[in-house]
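Please look over the sequence and structure shown here before reading the briefing that follows. The notes are grouped by topic for a reader who is new to them.

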Amino acid sequence: MSTFLYKLGRKSYDKPWYFIAGWVVILGIVIAMLGIYGMSVSSDMKIEGTESQKVLDKLEGALPEASGGQASVVFTVPEGERLDTPERIAAISEAVNKVYGLEYVINPAELAAAAAAGGASQGDQPSQAGSAEGGDAAGTATASAAPAEMPPYGPLMIDGVPVIGMLIATDGSVGLFQFQFTVQQTSLPKGVANSVVEAVTEAENGTGISVLPSDSLKDSEVPIGANEVYGLIIAAIVLIMTLGSVVAAGLPIVIALFGVGIGVGGAFAISSFVTMSSVTPVLALMVGLAVGIDYALFIVNRQRRLIFDQGLTAREAASRAVGTAGSAVFFAGLTVIIALCGLLIIGISFLSTMALVASVTVFLNVLVALTLLPALLGLLGERICSCKAREKSRSKASDKQHGIADSWVKGVVKFRWPVIVGVIALLGAAAIPVAEMQMGMPSGATANMDTSQRQSYDAISGGFGEGFNGPLLIVAEPNDPSGTITPQALNNIVQDIQKVKDVSVVSPLGMNKDGNIAILSLIPNTGPTDAATKNLVKELRAADSTIAQTNDVTLGVTGFTAINIDMSSKLSEVFPIYIGIIVILSLIILLLVFRSILVPIKATLGFLLSVLATFGLTTAVFQWGWFGNLFGFDTGGPIMSFMPIMVTGILYGLAMDYQVFLVSSMRESYVHGYRGNKSVIHGYDQASRVVVAAAIIMVSVFAGFIFTHDIMIKQIGFALAIGILIDAFVVRMALVPAVMALFGDKAWWLPKWLDKMLPNLDVEGDKLIAELKAQEGSAATPNVR
């Protein structure tokens, strides 16, 4: 491997314009595709195979007019005033009629007609289905079974006739307009949602009404702002301090931007053909920037060390840096890619898309670091190191110590047992909140107080009850495949469901034309993320429930709330499987790289400590609300469902990066004759400075995403930043040298039979160096400057 990369680096250095032109052409193609196809992101996150998704898929085939996406609009007035004045009612009625007149918005009469064709009885009460958050549940038809107690709301009336789809609180302070699209929001043509918003906001003109459209009416945007630039600025400062040169420090940033430009730009370019969540390109940008800067830093730093320590020419040093540090970069990147691609095994499409886009971006950064970077170094030539830097390095040539790093590692080696116990105790304490971690999806209940999303949620909760923010869609089917559901049977089902604990209102919405699928809307008493709502969904789905047995039907539950519940449950189930897959695959890679049994096991156990502490601190901050004001949010809530599994994959790959760079340096010292603690100390001295710099850069890049407006990106950015901070500075910089010193040379033990079986990847470049020395003996042109 090292010999091949050495030759690749030499060729790139000698013929830089070929490689630079090649990458520029690729970037140009990506930009051209972006210009032609544009970019499109979605908030849709399907979880294939879950009960809620199965119900939705069935509805799309059996009753497509009832399976479209749903949205809502909240109307409020200043405190002490009422919505139901003649002027305000007229303004709201006009806005509602305009919405119903828009293309892709279903007219209630159409769904009522479909329901009548199926034989469902129709009433006069407006639908109770809907969600301020927007979801996949359907239903705007009029039908109702009277609840046990009169609700604190009713239909908005105009001249004794209800405004279809509108509810108003008894105190007149808030109104709720619910309507349905003919297709899912992700399939809506561009501009439809904006037309709806324009129509309803006209009700504000001179009336004193405030209009709060649901989140589903907002176009999905990529949650990237100016805050991410601060991370790059910190990274630039660290690079200058580490490399001692503005020119050298600029190269890693250029390389990272080139890699993410092609990777993330390419993802956007195909987003019109592949459904892509708004989080996907941001995740690729996060990981791509971090690893791109780090990988280039490792190679540039190795080149400068070879120039200063061995007096090599810039050309030879660059080639050897790609051959040696480049090998570590290759396997570090491979570990990250394997950790991400492990998500494909789970079989969840939006996670698979995230993993593939991020993996491709990492792969591109590895290729760019191994080809474009030496090409740029070829253009710079000997200017990569100034004369002043060379003189300074020669004046310190006799000083083999590395200051703080040397003192630190010697202290860790000397007091290895206290360090090991202390690290385990510290990370164990940080992991305690994990026991109370609750998973879900962000909702209006956890949005910031000054957002329309939160104001809409609170207005609905105050006027109608918190359950209106998380409606459920019930689909009833007879157990007999040839059977039908009569109007009387439907009424019995409604009455039985109404008696279930934590049910507020049940409303039949209609049937399909064959009369074998009935649709009902259910409003729970509790909010969308409450445990009681989750238990209600579970109870309704139970095949042996009293409702199912009495009425000889099967009940399916879907809707935005049910989908989120299923998502959390599904991801919790597959999490252990995912961990097992990436751990086994990565152990194999680390076994090949380090040719040791102990080192891969130690690396994995150290990571488990890191990830538990990371999720513990993430739970304390985002669920318990610790330091919320510092990180730009004012209400704690559940941890995003897919955050743990996604962050675990990324953190594992990045943690192994530092393991590879730090421990491969220790192995390199061991291979070159250092024994026992001396190999640990010497290897640490050689690698710690650049590993610390790389970790600071990575933490800075991830931390920049904490201050975006999107709570999902905040959680991912925080978890990755704190995870790298813990893993790099606590585990790799303290626990690893302590454990390596504990085992000494035994850390490199490998059974002879296994040693013969494993291929020698020559990550340390031992074979390469031997080959180069043999060549130098007969070469006419020396490589020493």
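**Briefing: salt bridges, aromatic rings and a sheet**

The structure holds 15 salt bridges, a salt bridge being a side-chain nitrogen of Lys or Arg within 4 Å of a carboxyl oxygen of Asp or Glu. This is a predicted model, in which local features need pLDDT of at least 70 and side-chain atom pairs count only at pLDDT 80 or more, while totals for chains, interfaces and linings use all residues. Residues are numbered from 1 along each chain as its sequence is written, and side-chain values use heavy atoms, with hydrogens and water left out.

**Salt bridges**

- E316 forms a salt bridge with R10, with the closest N and O atoms 2.3 Å apart; the pair links distant parts of the chain, since E316 lies in helix α10 (residues 314-341) and R10 in helix α1 (residues 2-14), 306 residues apart.
- Both E316 and R10 are buried, where buried means under 20% relative accessible area, exposed over 50%, and partly exposed in between (1.4 Å probe, protein chains only).
- R10, E316 and R320 are linked in a network of salt bridges.
- K54 forms a salt bridge with E51, the closest N and O atoms being 3.9 Å apart, and K54 is partly exposed at 47% relative accessible area, as is E51 at 43%.

**Aromatic rings**

- A search of the whole structure finds 16 aromatic pairs, counting rings of Phe, Tyr and Trp (its six-membered ring) whose centres lie within 6.5 Å, with planes under 30 degrees apart called stacked, over 60 edge-to-face and the rest tilted.
- Y100 and F177 form an edge-to-face pair, 5.6 Å centre to centre with 85° between the planes, and both Y100 and F177 are buried.
- F179 and F181 also form an edge-to-face pair, 5.6 Å centre to centre with 80° between the planes.
- Y100, F177, F179 and F181 form one aromatic cluster.

**The sheet**

- An open sheet is formed by 4 strands in the order β8-β9-β7-β10, with antiparallel pairing; two strands pair if DSSP finds at least two bridges between them, and helices (H or I, at least four residues) and strands (E, at least two) are DSSP runs, numbered from the N terminus.
- β8 (503-511) and β10 (553-558) stand at the edges, each with a single partner strand, so one side of each is left without a neighbour in the sheet.
- Strand β7 (residues 472-478) is joined to strand β9 (residues 518-524) by 5 bridges, and L472 has L522 in β9 as its bridge partner.
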